[in-house]
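The sequence and structure come first, and the notes follow.

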Amino acid sequence: MDLSMMNCELLATCSALGYLEGDTYHKEPDCLESVKDLIRYLRHEDETRDVRQQLGAAQILQSDLLPILTQHRQDQSLFHAVIRLMVNLTQPALLCFGSVPKEPSFRHHFLQVLAYLQAYKEAFASEKAFGVLSETLYELLQLGWEERQEEDSLLIERILLLVRNVLHVPADLDQEKRIDDDASVHDRLLWAIHLSGLDDLLLFLASATAEHQWSLHVLEIISLMFRDQNPEQLAGVGQGRLAQERRTAVAELEVLRQREMAEKKTRALQRGNRHSRFGGSYIVQGLKSIGERDLIFHKGLHNLQNYTSDLGKQPRRVPKRRQAARELSVQRRSALNVRLFLRDFCSEFLENCYNRLMGSVKDHLLREKAQQHDETYYMWALAFFMAFNRAASFRPGLVSETLSVRTFHFIEQNLTKYYEMMLTDRKEATSWARRMHLALKAYQELLATVNEMNVSSDEAVRESSRIIQNNIFYVMEYRELFLALFRKFDERCQPRSFLRDLVETTHLFLKMLERFCRSRGNLMVQNKRKKRKKKKKVLDQSVASGNVPYSPEEMESVWPSLAEQLQCCAQDPELSLDSMVPFDAASEVPVEEQRAEAMVRIQDCLLAGQAPQALTLLRSAREVWPEGDVFGSQNISPEEEIQLLKQIFWAPLPRQQGPEEQGAEEEDEEEEEEEELHVVEVLEKEFNFLDYLKRFANTTVIQAYVLLLRSYKQNSAHTNHCVVKMLHRLAYDLKMEALLFQLSLFCLFNRMLSDPAAGAYKELVTFAKYILGKFFALAAVNQKAFVELLFWKNTAVVREMTEGYGSLDGGSSSRRRPVWSPEEEAQLQELYLAHKDVEGQDVVDTILAHLKTAPRTRKQVIHHLVQLGLADSVKDFQRKGTQIVLWTEDQELELQRLFEEFQDSDDLEEEENLPEEESEEDEEKEEGSEAEQGHGGSILSTQNLGQNLHQEGFSAPLLWLQNCLIRAAEDREEVGCSQAVPLVPLTEENEEAMENEQFQQLLQKLRVRPPASGQETFWRIPAKLSPTQLRRMAASLSQPEEEEKLQPGLEPKVPGEQGPEEEHQQEEAHQQEEERQKEHRAHALRALLSARKKKAGLVSPEEEGTDGGKEQLKVAPKKRQLLDSDEEKEEDEGGSKAPELGAPGIRKKKRFQIEDDDESD
């Protein structure tokens, strides 16, 4: 930016500061006011940071502010104002813009501000500026607390912030072009800090108890000082080259020499005797060209080995969002004098400051006195200084503050938090991945320090190490951490260095765990598993107290005596309402929704002959729920009370069934009258190292290791050893070498074996030969192994490859479909064709009764009928139950509107627009009709899909999905607005379910939106779904319990040979169906008439209290309820429905708790 383009007022303000003549700066009389004006201008700059850019272009800091700082320190007011202005000007660019802008114009402004900051950093690399800051800070720290003013504390904080801002400026590697052992701008800045004595002041602030308020500032400055340093290399400075370093350097030189020799040999072979124009052309047999002919090669034979079909093709461009994450931290060797200064600083810091400073920072973090994400500096300091202590002269006492189980717990909690936030906050996933990398480094160094303590010569240190290891290996979360990190590794936001540290940390953890298990013999560890706690539901009082409902004749005889008792009680003025409470205050069901239960309790008291209790409960319920006069009006007479109790006495209130009414169930079904609570059961078991190692025999884990192995040339020898050791554990210790039979890995092995420097990678070459030998030995027996190379494999496929295909069919895997023999299929087809047209019976039940094969379930028979093409869909076999439809208020209004519209028609019920109640099954049929047409009618309904997934072992994911739908419905009811809600699986079992094709089909049936291409990761509950629809979807996921009662002693009759009694029963059933339809029609018209009267105000209050009470016994709750026949049991969430007088039915929700745990073997 040109100086002439500056704002006039800003240019005039800068000119009023003063001028530099030689090395002397002459300030103007208005210098102080001009500095304050610049601070005011910066406060009101726009979003492009125009004032900051203009001041940077004018080099105000280099030409005016720094000379004022160094030459006019005696002017205290001016000195304070200049410090304020410099703190503002050196503020990091990320804080100015919030984040790295993505828009090109704002990104240009961001880069411009960053360039000015780098110029400021270079200007500060002088002893004069830091000398003045150091002297001022020393004088302020000399003051006691009683002498220190508030301005002095502000000045101390601003000086520390200024040093922090200058050190925070990133280096411009392209501009500096510095090599190792050369002094960069950052090195010169560190040397200026050392010469000015500011490093000693930082050590004093870190060690002084009275200055604990500056702990986080000091820790941040120290972390920026050592930003580019390696602690292991820094610890060895000045002690001569170690033997390990010499061996490493010799190995690297040997690799380079071998490659150079191979290149020379290749160039010598390429030098032909003849002219290149006579190279000739060759036909490569067995390699097809674009057509059907063999490939013609027009170059020399020595170039044939480098031939590939991709020659000349345009490389495929990788989208930016799919590119691998770049490395942000670059380590380099500073100049020798700087490294010596930093080494001495680290030694003094560990001796005098580390334990006190880390304890103070930890206290700030736990008490939430720090700013957001300040814990990252704590984790960096822990990893760096513990590594320095381990590499220099290992003394555990110097780092005792962070060497405890509590520190392990703190790091593990933050690591888990970053891991979860990286999965949910996709916009900031890269930032969360960086924080997770810092936490992983701290965790790695904690393990390395404990491992170093284990080989110490001091017995007390070794005992402390054993105690820490015992606590770590005992808790399950520490063992499961690495599996979770491998499973969710994403190279788009996590750099390759994170994967390298993860592999090395896992290697160290497994080595320590294996050694600890061998030394202990048997190791007891904590294990958590999901336990299905069967909690009996609270039955009705009538069932619990033994009051079995009477028959109509018995009720007729009982009522007169009850009426007399009620008459006496109604006239008793001493009848107290305090003795009976009509609701359960401890229940999770809201009081407003407990009216139905109160109605049932009143009926139970009447059936038990407890007239006073029934009357008292009625009056108490009237006080609690006065709205709608459900339990009578406030001025109701005693006669009307008795009449209302009579209606309740005779009302057929649906109640929960007792256990004796449930009947037989299928083995894989859960009991209907039991509420499942998923609780986490904590138990102890003996640890088996090989069983734990089997958890790593996973495709995702192996792919991450292979990804790191591809850069074996750039990896260190230790990293390559960690990778090979894990693959060797899987292949040799677990005998699962077939897991590594993959074409991409074999290509990598081929590259290793043909590498001229293969001698330097002996371990890799030996392992590659071992795996290839195992593969060709298997291929001699199993020719399909060559095809299996194209796919990544799990343990089940590996077992089939090695033991023979179909070896798992006889196992106990519940997810594998049963095998039907040709004889069984022929018998099934014959039975189906013989009984499919017989009316009055269920064809599937008949087939199960006559099938003379291995025991089959109803679901297995239905699925195989569809698979054979004998039926179009599983829906064809759903049982038909009586559907008593209860009308809602909205449906009454819709019926009234349609009646007024079509009241001139001959027959109202024949109108197409008449709303009719549909079962959930019918709604699912309509929703899935298009999908069925697209898939040939082979898609199952939602209920059958849920039942199928339940039987295949996806019960926990179904409960998780049901809970998500219910929570979304509750949130939308509370907030009033809706937005798309992502389904984030946090357990391995839920993740496997989300990847299952049938589970995804269920999500599509529920209208859950799949992730958008390239922009989203998770399935989402659409915003357009209402809470009622979400609750209906959640109810459809409850697994129905099928009752299949086989009458003992009765042989099944052959269909088609029905006797006269059966025909008579069919005629009666047909007549009952017609009467029910007529009653349904009359009920609809009565509901319409009642609604019209209410709207017109023609019903008197007395009629509403009496006739309305009768009608309310029949009026439906606000939510539709479907009461199926005994053949089709109610769903779990609808199992506790009980209609009330004008109140919605109670839906008891399944309550469950899901935590991350491992499934017990």
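Helix α42 is followed by G953, whose phi is positive, near 100°. Helices (H or I, at least four residues) and strands (E, at least two) are DSSP runs numbered from the N terminus. The model is predicted, so local features need pLDDT of at least 70 and side-chain atom pairs count only at pLDDT 80 or more, while totals for chains, interfaces and linings use all residues. Residues are numbered from 1 along each chain as its sequence is written, and side-chain values use heavy atoms, with hydrogens and water left out.

**Helix α42**

- Ten of the ten residues of α42 (residues 942–951) are buried, so this helix is largely enclosed by the rest of the structure.
- Buried means under 20% relative accessible area, exposed means over 50%, and partly exposed lies in between (1.4 Å probe, protein chains only).
- The buried residues of α42 are T942, Q943, N944, L945, G946, Q947, N948, L949, H950 and Q951.

- Most residues other than glycine have a negative phi.
- R49 has a phi near 55°, a positive value in a residue other than glycine.
- The loop between α2 (31–43) and α3 (50–57) holds R49, and R49 is buried, with a relative accessible area of 18%.
- K735 is not a glycine either, yet its phi is positive, at about 60°.
- K735 belongs to the loop between α31 (717–733) and α32 (743–753), and with a relative accessible area of 57% K735 is exposed.

**Salt bridges**

- Side chains of opposite charge can pair when their charged atoms come close.
- A salt bridge here is a side-chain nitrogen of Lys or Arg within 4 Å of a carboxyl oxygen of Asp or Glu, and by this rule the count comes to 36 salt bridges.
- R343 forms a salt bridge with D344, with the closest N and O atoms 3.1 Å apart; D344 is partly exposed at 36% relative accessibility.
- A salt bridge also joins E480 and R695, whose closest N and O atoms are 3.1 Å apart.
- E480 lies in helix α22 (residues 476–487) and R695 in the loop between α29 (689–694) and α30 (699–709), so the pair ties together parts that are 215 residues apart in sequence.
- E480 is buried, with a relative accessible area of 16%, whereas R695 counts as partly exposed at 29% relative accessibility.
- R518 pairs with E514 in a salt bridge, and their closest N and O atoms are 2.8 Å apart.
- Both R518 and E514 lie in helix α23 (residues 496–520), four residues apart, about one turn of the helix.
- R518 counts as exposed at 66% relative accessibility, while E514 counts as buried at 18%.
- Salt bridges that share partners join E480, R487, K488, R695, E988 and E991 into one network.

**Nonpolar surface patch**

- L743, V787, L790 and F791 form a nonpolar patch on the surface, with about 380 Å² of accessible area together.
- Patches are made of residues with over 30% relative accessible area and no salt bridge; like charges are joined within 9 Å, and nonpolar side chains (Val, Leu, Ile, Met, Phe, Trp, Tyr) within 5 Å.
- Accessible areas come from the Shrake-Rupley method with a 1.4 Å probe, and for residues only the protein chains shown count as cover.
- F791 is found in the loop between α34 (785–788) and α35 (795–803), and F791 is partly exposed, with a relative accessible area of 46%.
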